[in-house]
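Please read these notes with the model open beside you. They take up the metal sites, then a helix, a strand residue and the nonpolar cores.

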Amino acid sequence: MVPHIKSIAGIAPDQSVICIIGQEGVIPDLKLSVTETEYIKRSLADREGIITINSYYKLTILVREKKGLQGPALFEDLRRQAVKAVEELSFHKQSSVLVCGPHASEGSADALVEGLLLASYKFSRFKTGQDKQDMRRYPETIAILNGTTKQINRHKTLAEAVFFARDRVNEPLSHLTAEGFSSMINDFCSGAGLSVTTLNRKQIEALKMGGLIAVNRGSNDPPTFSVIEWKPAKAQNSKPVILVGKGVVFDTGGLNLKPTNYIEDMKADMAGGAVVASVMYYIAKQKIPLNIIALVPATDNRPGQNAFAPGDVIEMYNGKTVEVLNTDAEGRLILADALSYAEKYMPSLVISIATLTGSASSTFGSKAIALMGNAGKDLMSLLEQAGELCHERTATLPFWDEYAEMLKSDIADLKNIGGKDAGAITAGKFLENFTGAPFIHLDIAGTAMIKEADYYRPKGGTGSGVRLLAVFFDMLADGNMDKLN
Ligand code: BES
Ligand code: ZN
Ligand code: ZN
């Protein structure tokens with residue numbers, strides 16, 4: 001559950017307050033006594049960080065804009081300071097807070113609110129009794145002084161979208177099979193006014209989605225394929241943008257079984273699928289005037305009796321043959337089918353997002369999303385800018401055709417692994433074979449789930465990619481449409 005968020009016209013005395021002090025250092029009227037004002041002035045001069053006092057308001061927390069910071073760096077600093085504010089609220093058991101900043105820079109209050117929302121996340125689904133009580137969220141209510149409806153709605157929607165992705169990543173296979181995952185996507189997205197269709201095993205087999213079927217063969221549970229459509233009346237694009245997300249609900253590696261220390265985190269392997277569902281939710285709630293369709297192929301990957309085997313040759317949805325030399329390179333097989341399924345929509349742009357390779361994770365750790373593609377400089381740098389703005393930063397990898405040569409098979413059209421080097425890139429190049437549209441690929445293997453809290457990203461599922469793509473679509477619809485086509 002996302003904190004309740006609302007607008008308020010004035011500050012009530014029984015309210016805790018977080019106030020942003022702008023670059024000029026003007027202390028706003030917070031009904032402070034002379035002693036309190038003196039204390040604050042001294043603290044402002046003496047030390048960094050937030051300042052908390054008990055005064056007229058229940059708790060007055062002052063957050064300040066650091067000197068010299070502006071734009072994305074300033075906003076990120078405020079999101080991070082919000083984490084300290086959440087700690088204070090939680091220490092003092094203050095479940096409701098008002099945010100103001102009469103002298104703050106434009107965008108600062110929004111960054112602070114975003115930080116509060118994202119830092120309030122807790123995954124308590126499996127806690128019971130007192131333990132569950134102890135996982136109360138702080139704050140539970142955020143009021144923005146003179147906030148606009150548009151502003152409030154965007155915060156709410158974006159937080160709901162990020163929390164959906166985090167929840168799905170945190171849920172283990174015992175509570176999230178492919179069918180469970182697709183029905184959650186269905187509920188979440190239908191509720192936002194999207195049209196959702198879920199293809200079942202029979203339909204997937206009838207379509208001959210050879211990649212998805214092969215990966216699913218070791219499983220006891222059927223695969224699913226979700227199609228989520230947003231078709232607003234006044235869309236600015238005729239040919240849709242397609243999002244494709246990897247929905248491997250658990251990746252054992254299959255017959256190429258993953259060892260201990262690698263297998264444990266693989267409940268997160270559907271993160272890409274969760275991200276695209278979340279982004280569609282955001283797009284629909286925000287009524288972004290673009291035709292956008294998301295595809296989520298889902299299954300677990302297991303070494304069952306009937307599991308596909310290393311060396312197998314499979315025929316993909318588009319008729320191409322793939323020699324499967326490693327059953328642990330399964331994500332690309334299910335994504336490939338989704339990419340070629342997308343061709344029927346004649347897309348203007350295709351973006352895939354997936355926890356695809358250990359290589360992306362070891363290259364960038366949890367600090368950057370690996371970005372690659374052939375969609376051209378304009379779109380790629382728009383995405384990069386979106387990443388800077390929301391601090392879900394991307395790092396671009398080369399996408400030269402030389403890397404595609406590493407995927408040549410002796411006996412089939414392609415093999416599914418490119419050798420030990422450049423693993424993130426060869427995975428992206430593999431996917432490129434299955435779409436004719438301008439293509440962007442995001443590898444979130446390093447960022448989707450983290451082992452230690454990182455400011456407003458609690459340990460576990462991060463929702464990495466949701467804000468990146470939300471901001472990207474905001475920007476695309478807002479004066480960058482010429483970059484499509
Ligand atoms: N799901 C994994 C990638 C992964 C690794 C995600 C670490 C998150 C954290 C993917 O299916 C996989 O196993 N990839 C293999 C590919 C290899 C066999 C070519 C990898 O990266 O090791
Ligand atoms: Zn794998
Ligand atoms: Zn995987």
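1. Donors are N, O and S atoms within 2.8 Å of the metal (3.2 Å for Na, K and Ca); water is not among the atoms, so sites may look incomplete. In sequence, the donor residues of the zinc ion (ligand 2) follow the spacing D-x76-D-x1-E. This is a predicted model, in which local features need pLDDT of at least 70 and side-chain atom pairs count only at pLDDT 80 or more, while totals for chains, interfaces and linings use all residues. Residues are numbered from 1 along each chain as its sequence is written, chains are lettered from A and ligands numbered from 1 in the order in which they are written, and side-chain values use heavy atoms, with hydrogens and water left out.

2. Which atoms hold the zinc ion (ligand 2)? They are D251 (OD), D328 (O), D328 (OD) and E330 (OE), at 2.0 to 2.2 Å. The six donor atoms make angles of 71 to 167 degrees, and the site is irregular. For the labels: four donors count as tetrahedral if all angles lie between 85 and 135 degrees; four count as square planar and six as octahedral if opposite donors are over 155 degrees apart and all others between 65 and 115; anything else is irregular.

3. D251 bridges the zinc ion (ligand 3) and the zinc ion (ligand 2), which are 3.2 Å apart. D251 lies in strand β10 and D269 in the loop between β10 and α9, so this pair ties together parts 18 residues apart in sequence. Helices (H or I, at least four residues) and strands (E, at least two) are DSSP runs, numbered from the N terminus. Buried means under 20% relative accessible area, exposed over 50%, and partly exposed in between (1.4 Å probe, protein chains only). D251 is buried at 3% relative accessibility, and D269 is buried at 3%, whereas D328 is partly exposed at 22%.

4. Helix α6 (residues 178–190) has 13 residues and should span 18 Å at 1.5 Å a residue; its end C-alpha atoms are 18 Å apart, which agrees. The expected span is 1.5 Å times one less than the number of residues. Buried in α6 are A178, F181, S182, I185, F188 and C189. Seen down the axis of α6, they fall within an arc of 130 degrees, so they line one face of the helix; the arc is that of the directions from the helix axis to the C-beta atoms.

5. V97 sits in strand β5 (residues 96–100) and is buried, with a relative accessible area of 1%. Contact means heavy atoms within 4.5 Å. Not counting residues up to four places away in sequence, V97 touches residues including Q15, V17, L116 and A143.

6. A nonpolar core is a set of buried Ala, Val, Leu, Ile, Met, Phe, Trp, Tyr and Cys residues joined through side-chain atoms within 4.5 Å. The largest has 102 residues, and L469, F472 and F473 have the most contacts inside it. Helix α9 gives the most to this core, with eleven residues. A second, separate core of 46 residues includes M209, A342, Y345 and M372.
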